[in-house]
Amino acid sequence: MHIDWFVFLAQIFNFLLLMYLLKRFLYGRIIKAMDDREAKIAARFAEAEELKAKAGEAAEHYEKRNQLLNEKKEQMLNEATMAADAKRKELMEKVRAEVDQVKTRWQDMLIREQDAFFYDLRQRAAKQLYATARKALSDLADVDLEERIVDEFLRRVQELDEEKSVSIRKAISGGGNRVTIQSAFDIPVPRQVKIEEVLKKQITDGFTIRYLLEPDIVSGIELRVNGHKIAWSLNEYLELLVESLTETLQKEAHAA
Amino acid sequence: MEVVSLNQISPDQVIIWSWMFITLNVTILYTWLVMAILVVGSWLITRNLSSEMNVSRWQHLLEVIISIIRGEISEMTKKGADHYVPLVGTLFLFICVSNVLVIVPGFVAPTSSITTTAALATCVFIAVPYYGISRNGIFHYVKEYFQPTFIFFPFHVMGELSRTLALTVRLFGNIMSHEKVIGILLAVTPFLFPVVMQILGLLIGVIQAYIFSILSMVYIASALSAEDEVHEEVKKEGSTA
C-alpha cells in the first residue's frame with residue numbers, strides 16, 4: 001500500500017470543501033425548513049388549542065343558552081296551558097250560559113205554546129160544553145141555557161152585599177152613569193128589561209146600559225163599571241178543567 | 001478495458017495526469033464525481049424548499065436522512081446536535097454514495113483507496129480535539145490525556161492514533177476487498193453469483209458508511225462528555241461550597 005501525500009492532502013481538501021458546500025446547500029437549508037415547519041406546526045397546535053378552548057367556551061355558552069331557552073319554553077308552555085285552561089273554562093261558562101239562555105227561551109216558548117194550547121182548548125171546550133149543556137137543558141128540562149145564564153147573573157146581582165152594592169153605585173156615578181154589559185150571546189129585550197129592573201132595584205137608578213156582544217167571554221155575561229165587575233161564565237169551570245189537565249200532562253211528562 | 005486491474009490494489013495507482021508531484025488519479029476524479037452528485041443534487045432539491053405541509057418527495061428523502069443523522073448525534077451529545085451535522089453527515093453521505101455507486105459499471109469507489117480513508121480518518125482525528133477545545137478550552141482537553149495519572153498520556157496518544165488507523169483500514173479493507181472479491185468471482189463464476197455479491201456489497205457499503213460516521217461521532221462525543229463531566233464536577237463543587 002502506497003500513500004500519495006499529494007492525493008492525501010487533496011482528499012482532505014476535497015472533504016472539507018464538500019463539507020462546506022453541503023453545509024451551505026443542504027444542512028442549513030434543510031434544517032431551517034424543518035425547524036420552520038416545526039415552528040409552524042407548533043403555532044398551529046397552539047392556535048388549535050386556543051380555538052379548541054374558544055369552541056369549548058362557545059359550547060358551554062350555547063349549552064347554558066339552550067338550557068335557558070328550554071326553561072323559558074317550559075315556562076311559556078305552562079303559561080299557555082294555564083291560559084288555555086282558563087280560556088276553556090271561560091268558554092265552557094259562556095256555552096253553559098248560552099245553553100241556559102236557549103233552554104230558558106225554549107221553556108218560555110214552550111210555556112207560551114202551552115198557554116196558547118190551553119187557551120184554545122178552553123175556547124173549544126167552552127163552546128163544546130156550552131153547546132152540549134144547551135142541548136141537554138133544552139132536551140131534558142126544556143130550559144134555555146142563555147136564559148139560565150142571565151138568571152144566574154141576576155141572582156148574583158141580587159145576592160150582592162151592601163158594601164159591594166155601595167162601591168158599585170159609587171163607581172157608576174163616578175163613571176158618568178154608564179154601565180156596560182158584555183155577553184157572548186145576544187140578550188133578548190125582555191131579559192134586558194129584567195136586568196135593568198134588577199139593577200135599578202138592587203143598586204141605583206139613573207144610569208144607562210150599553211149591551212156589547214163579546215165572543216171571548218166564554219158562554220157568560222158580565223157587568224163592567226169603572227173598574228168593578230159582576231160576572232158569570234163558564235171560565236171558572238174551565239179554569240178548573242185546565243188546572244186538572246195541566247197536572248195530568250205534567251205527571252205523564254215526568255213519567256216519560 | 002478495466003479501469004483498475006486486479007494487480008492494481010488501489011485506484012491511486014491509476015494515474016490520469018501528472019506533473020511534478022501533482023498527480024490526478026482515479027481516486028480524485030471519482031471523488032469529484034461523488035462531490036458533484038452530492039452538491040448538485042442538494043442544490044437542485046433545496047433551491048425550492050418548502051416549510052409548508054406539502055413538500056416534494058426529494059425533500060422528504062433529504063429530511064428523513066438529516067433527521068436520522070440528527071437523531072443519532074443527539075443520542076450521543078444530548079445537546080447541540082446541529083453543530084456536528086456537517087462533519088458526521090458529510091462523512092456518511094460521501095462514504096455511502098461512493099460505496100453505492102460501485103453498482104455502476106466502471107465506477108471505482110474512492111473509499112477503496114487507503115489515501116481517501118486515511119484522509120477522512122485524519123479529518124476525524126483533527127475534528128475530535130477541535131470540537132473538544134472549541135467547547136471547553138485547551139486546558140481541560142489536554143488535561144484529559146493525563147487522567148487518571150500522567151503515565152496514561154502515551155496510552156491516550158496511542159489510543160487516538162490507533163483508532164484513526166482502525167478507521168482508515170476498516171473502511172479501506174472492506175471496500176477494497178469487496179471489489180477484489182467481485183473481480184475474482186467474475187473470472188471464476190461469471191453468472192448470477194457476482195450479482196448476489198454486488199447486492200451484499202451495497203449492504204456492506206451502507207453499513208460501513210454508518211459505522212465510520214457513528215464511530216467518528218462516538219470519538220467526538222467521548223471527548224465532549226469527558227469535558228462535560230469536568231464541568232459538572234466544578235458546578236457541584238461550586239454549589240456545595
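1. Interface, extent. In this predicted model, chain A meets chain B through 32 residues of chain A and 47 residues of chain B. The size of an interface is often given as the accessible area lost when the parts come together. For chain A and chain B that area is about 3700 Å², and 74% of it lies on carbon and sulfur atoms.

2. Interface, polar and charged pairs. Two salt bridges are counted between chain A and chain B. A:R37 pairs with B:E63 in a salt bridge, with 2.8 Å between the closest N and O atoms. Eight residue pairs are in polar contact across the interface of chain A and chain B, both residues of each pair being at pLDDT 80 or more. On the side of chain A that touches chain B, 21 residues are nonpolar, three are polar and eight are charged.

3. Salt bridges overall. Side chains of opposite charge can pair when their charged atoms come close. Over all chains, the whole structure has 15 salt bridges. A:K32 and A:D36 form a salt bridge through their side chains, at 3.3 Å from N to O. How far apart are A:K32 and A:D36 along helix α1 of chain A? Helix α1 covers residues 5-141 of chain A, and because A:K32 and A:D36 are four residues apart in this helix, about one helical turn separates them.

4. Helix pair in chain A. Two packed helices are described by the angle between their axes and the distance between the axes. In chain A, the axes of helix α2 (residues 145-158) and helix α4 (residues 189-202) come within 10 Å and cross at roughly 5°. Angles under 35 degrees count as roughly parallel, so α2(A) and α4(A) are roughly parallel to each other. From α2(A), the residues in contact are A:E147, A:V150, A:D151, A:F153, A:L154, A:V157 and A:Q158; they meet A:R191, A:K194, A:I195, A:V198, A:L199 and A:Q202 of α4(A). This contact of α2(A) with α4(A) comprises seven nonpolar, two polar and four charged residues.

5. Helix pair in chain B. Helix α3 (residues 85-100) and helix α4 (residues 114-136) of chain B pack with their axes 11 Å apart, at an angle of about 170°. Are α3(B) and α4(B) roughly parallel or antiparallel? They are roughly antiparallel to each other, since angles over 145 degrees count as such. On α3(B) the contact is made by B:L87, B:L91, B:F94 and B:I95, and on α4(B) by B:T116, B:L120, B:V124, B:A127 and B:Y131. By class, the contact of α3(B) with α4(B) has eight nonpolar residues, one polar residue and no charged residues.

6. A:S173. This residue sits in helix α3 (residues 162-174) of chain A. The side chain of A:S173 reaches the backbone oxygen of A:K170 at 2.8 Å. A:S173 and A:N226 are 53 residues apart in sequence, with their C-alpha atoms 9.2 Å apart in space.

Methods: Residues numbered from 1 in each chain as written. Chains lettered and ligands numbered in written order. Predicted model: local features only at pLDDT ≥ 70, side-chain atom pairs only at ≥ 80, totals over all residues. Heavy atoms only, no water. Contact = heavy atoms within 4.5 Å. Buried area = accessible area lost by both parts, 1.4 Å probe. Salt bridge = Lys/Arg side-chain N within 4 Å of Asp/Glu carboxyl O. Polar contact = N/O pair within 3.5 Å; in protein donor to acceptor, adjacent residues only side chain to side chain. Nonpolar A, V, L, I, M, F, W, Y, C, P; charged D, E, K, R; others polar. Axes fitted to C-alpha atoms, helices over the stretch in contact; angles between N-to-C directions. Helix = DSSP H or I, 4+ residues; strand = E, 2+ residues; numbered from the N terminus. Parallel < 35°, antiparallel > 145°, perpendicular 65-115°, else oblique.
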